[in-house]
Amino acid sequence: MDYRKAFEEAVDTVKAEGRYRVFADLKRLRGQFPRARLRGNDGQIREITVWCSNDYLGMGQHKDVLDAMHGALDETGAGAGGTRNIAGTTRFHVDLEDRLAGLHGKSGALLFTSGYIANSATLSTLAKILPGLIIFSDQMNHASMIEGVRFGGCEKRIFRHNDVEHLESLLAEAPADAPKVIAFESVYSMDGDIAPIGAICDLADKYGAMTYLDEVHAVGLYGEHGGGVAERDGVMDRVDIIEGTLGKAFGVMGGYIAADATIVDAVRSWAPGFIFTTALSPVLAAGALKSVEILQGAEGQQLRAAHQAKAAELKQRFADAGLPVMQSESHIVPVFVGDPRHTKAVSDLLLADHDLYVQPINYPTVPRGTERLRFTPSPMHDDPMLDKLVSSMDALWTQCNVARRPAAA
């Protein structure tokens, strides 16, 4: 077999569909978020404005977070030294887990190396601990959740996105005595819509199911203390397992679950994705700990308010310019294009001609025909930055002959 040819053909297929991805060579500038330096193929360096970072509040540049990381580096060195079972638990890991458990009103929490691993490892492990488990999974759940359900090997039922009536019909059809888990997200990051958490919890109570909620695009951003949409909606105590990330609003790296201490202990003891993985660097844990602490307080409340206001302003500005901004009830600002080549063309021209960076969102991240640009404004994006973005988008929409029409939500 010509192995090299097989790999070349795989890449060629992606290119032919117009969804081949090229990574921008960026260097973020400390203290100047969302500014960054881009190194082009010719080696030339120029400054750009980043519009697609998931560091939603700029906490990855916060002085106190950086100071905490420098302190941990000076105190402990760079790495964790092994898995948590061998040599990789430090007081930073323990304190961070305590802080995260408190953030979500739970008695336990467990760190993972990423939100992806937290989902995959936890959901697959639930199937091992609960024989005969049926997982009810939202149609639009993240790839990490889909992978976790698949790796668990248990029965699954897919319910239409945010459709509680369809979910109930599936629950009603299932054996009454079968263990059940409803797995869903709070903020769906590509469309920016939000799950009816309370209504799903009502169904879980009615049919004897556990709830598993992915809050990665909501922790730090919603609720009085940044506990997520479940905290904002007053239903945090009704969710059995909350999964979150340290790499988005908290600005560092890592993932976690928060739940009853017994659930956490069982996952800790059974999940290969936790047991056999080198622990997060204590430097990262120290930075995340400081970030969570800040966002739980008054500064976090101010940042959250400014963040929501900036997102609302950008949505309105796009709409006023006749650009097809998609319906979104969250901080996510998606603009519909509907074609992978046009999406990439607009993205490329924004960067090449306007020094504005936003990645195209194409299949398989979103279904074919729903390609889009996804903007994530932060409190640090000032008015001149918004002015330039909207005027540049307006000009490129005409230049690239992209439809100015409303998109389906």
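User: Before we start, what counts as a salt bridge here?

Analyst: A salt bridge is a side-chain nitrogen of Lys or Arg within 4 Å of a carboxyl oxygen of Asp or Glu. Keep in mind that this is a predicted model.

User: OK, so how far apart are the closest N and O atoms of E293 and R99?

Analyst: They are 3.9 Å apart, and E293 and R99 form a salt bridge. E293 sits in helix α11 (residues 282-296) and R99 in helix α3, 194 residues apart, so this pair links distant parts of the chain.

User: Are those two buried, exposed or partly exposed?

Analyst: E293 counts as partly exposed, at 36% relative accessibility. R99 is partly exposed too, with a relative accessible area of 30%.

User: What about K5, who does its side chain meet?

Analyst: The side chain of K5 meets that of E9 in a salt bridge, at 3.9 Å from N to O. Both residues lie in helix α1 (residues 3-16), and they are four residues apart, which is about one turn of the helix. K5 has a relative accessible area of 45%, making it partly exposed, and E9 is partly exposed at 42%.

User: Switching topic. What's the strand order in the open sheet of seven strands?

Analyst: The order is β4-β10-β9-β8-β7-β5-β6, and the pairing is mixed. β4 (108-112) and β6 (155-159) are at the edges with a single partner strand each, so one side of each has no neighbour in the sheet. On average, neighbouring strands of this sheet are turned by 20 degrees against each other, ignoring direction.

User: How do strands in a sheet pair in general?

Analyst: They pair through backbone hydrogen bonds, either parallel or antiparallel.

User: So which is it for β5 and β7, parallel or antiparallel?

Analyst: Parallel: β5 (residues 134-138) and β7 (residues 180-185) pair that way over four bridges. For instance, F136 has I182 in β7 as its bridge partner.

User: Which strands does helix α5 lie across?

Analyst: Helix α5 (residues 143-152) lies across β5, β6, β7 and β8 (210-214). Its direction is at about 160 degrees to β7.

User: Zooming out, how many helices and strands does the protein have?

Analyst: It has 14 helices and 14 strands. The radius of gyration is 22 Å, close to the 22 Å from the globule rule for 409 residues, so the protein is as compact as a globular protein of that length.

User: What does the C-alpha trace span?

Analyst: About 60 × 55 × 55 Å along the principal axes.

User: And what share of the residues count as buried?

Analyst: 53% of the 409 residues do. The protein exposes about 17,700 Å², with carbon and sulfur atoms supplying 52% of that.

User: Last one: among contacts between residues at least 6 apart in sequence, what share join residues at least 24 apart?

Analyst: That share is 72%.

Technical notes:
Residues numbered from 1 in each chain as written. Predicted model: local features only at pLDDT ≥ 70, side-chain atom pairs only at ≥ 80, totals over all residues. Heavy atoms only, no water. Pairing = 2+ DSSP bridges. Helix = DSSP H or I, 4+ residues; strand = E, 2+ residues; numbered from the N terminus. Axes fitted to C-alpha atoms, helices over the stretch in contact; angles between N-to-C directions. Contact = heavy atoms within 4.5 Å. Rg over C-alpha atoms; globule rule 2.2 N^0.38 Å. Buried < 20%, exposed > 50% of the residue type's maximum accessible area, 1.4 Å probe, protein only. Areas by Shrake-Rupley, 256 points an atom, 1.4 Å probe, with all protein chains shown as cover.
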